[in-house]
Amino acid sequence: MNLSRRAFSKSLFLAGLGCAAGQWPARSSQAAAPKIEAGTGFIDVHTHIGTYTDPKKNLSVEGLLRWMDENEVEKAVVLPLTSPESTKYLQTTESALAAGKAYPDRLIPFCSVDPRTTHAGSVQSLVSMIQAWVDQGAKGFGEHKVGLNFDDPLMMRVYEACQEVGIPLLFHIDNIRGKDVPGLKRLENALKTFPELNFIGHGPGWWASISGGLDQKSLGGYPKTKVKPGGAIDDLMSRYPNIYGDLSAGSGANAISRDLAFGTEFLIRRQDRILFGTDYLAPGQNVPQFELFETLVLPDTVRSKICRENAIKLLKLS
């Protein structure tokens, strides 16, 4: 039978407790959903507030909360964007922290600083800066979306500081920001150098690497062909326990939907290290993740892990 979205939220919570849950429901056509009960609904690890590229499409905190209510998103991570290559309009850590302070039961702030800024200074300068933000409520670092090679010494300094503070880092990889090569060798260098830092992968370069047989151009796009053996994501996840995947944006949805059979098997295989995310950043934005999850045939326990439990554990949410 079909369940309402509110009934699904309850079934998702019960699934997390090992109880039976029903089928994935059809999305509601209503403009708004009822208030979300605590312990139900999605936890979205990737949203933004403010302006991204279009000054006519500013996303306010209240606008984000309305969208969350409409889509049964119980909590959402708010990510700053602090590097000039990341956006036309920078989004500050202070704005994310203020949003989290205003709505502590709904919004989860992260922090970020461009590693090239002079005030970042040294590893210890970064540790002091990041720790101060953590003391104000930041639960992670990111979106780390910087126009340098992924393992540039300045980038590695950020990773070292995050490892010392003890928070995860959500990164973007493509051919412009967090630059890497086919096989993600620069990411691997960071993973093995900082084994106690949990990295969360996002972006075209990361998700294109679900497949083998890539060239450099592929790391900047959204391949539509069937997945080929030898993908770097599976390989890295098999060898490094400190790498996670964020399903947000067109890149995340495309990686799973381009080869739905492989994508489904991948989510089941990596169920403990995949996180639901949308990259919602502008009013009226299309978000393919909700439709994708209506299409996927997954065990209820896998859905529950991906949609909320993994985020709770990784971000140490109460």
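Guide: The account below begins with the sheet and then turns to a helix pair and an aromatic pair. The model is predicted, so local features need pLDDT of at least 70 and side-chain atom pairs count only at pLDDT 80 or more, whereas totals for chains, interfaces and linings use all residues. Residues are numbered from 1 along each chain as its sequence is written, and side-chain values use heavy atoms, with hydrogens and water left out.

Strands of a sheet pair through backbone hydrogen bonds, either parallel or antiparallel. Here three strands form an open sheet in the order E1-E2-E3, and their pairing is parallel. Strands (E, at least two residues) and helices (H or I, at least four) are DSSP runs numbered from the N terminus, and two strands pair if DSSP finds at least two bridges between them. Strand E1 (42–47) and strand E3 (107–109) are the edge strands, each pairing on one side only. From one strand to the next, the twist averages 20°. Strand E2 (residues 73–78) is joined to E3 by three bridges in the parallel sense; Ala76 has Leu107 of E3 as its bridge partner. Helix H12 (residues 300–315) packs on this sheet and touches E1 and E2, its direction making about 65° with that of E1. Contact means heavy atoms within 4.5 Å. Axes are lines fitted to C-alpha atoms, for helices over the stretch in contact, and angles between N-to-C directions run from 0 to 180 degrees.

Elsewhere, helix H9 (residues 249–257) packs against helix H11 (residues 288–295) at an angle of about 20°, with the axes 9 Å apart. H9 and H11 are therefore roughly parallel, a term for angles under 35 degrees. In this contact Ala249, Ala253, Ile256 and Ser257 of H9 meet Pro288, Gln289 and Leu292 of H11. By class, the residues are five nonpolar, two polar and no charged; Ala, Val, Leu, Ile, Met, Phe, Trp, Tyr, Cys and Pro count as nonpolar, Asp, Glu, Lys and Arg as charged, and the others, Gly among them, as polar.

The whole structure contains 15 aromatic pairs, where rings of Phe, Tyr and Trp (its six-membered ring) pair if their centres lie within 6.5 Å, and planes under 30 degrees apart count as stacked, over 60 as edge-to-face and the rest as tilted. One of the pairs, Trp67 with Tyr280, is stacked, at 4.1 Å centre to centre and 5° between the planes. Trp67 belongs to helix H2 (residues 61–70) and Tyr280 to the loop between strand E8 (274–275) and H11, so that this pair links parts of the chain 213 residues apart.

Technical notes
Parallel < 35°, antiparallel > 145°, perpendicular 65-115°, else oblique.
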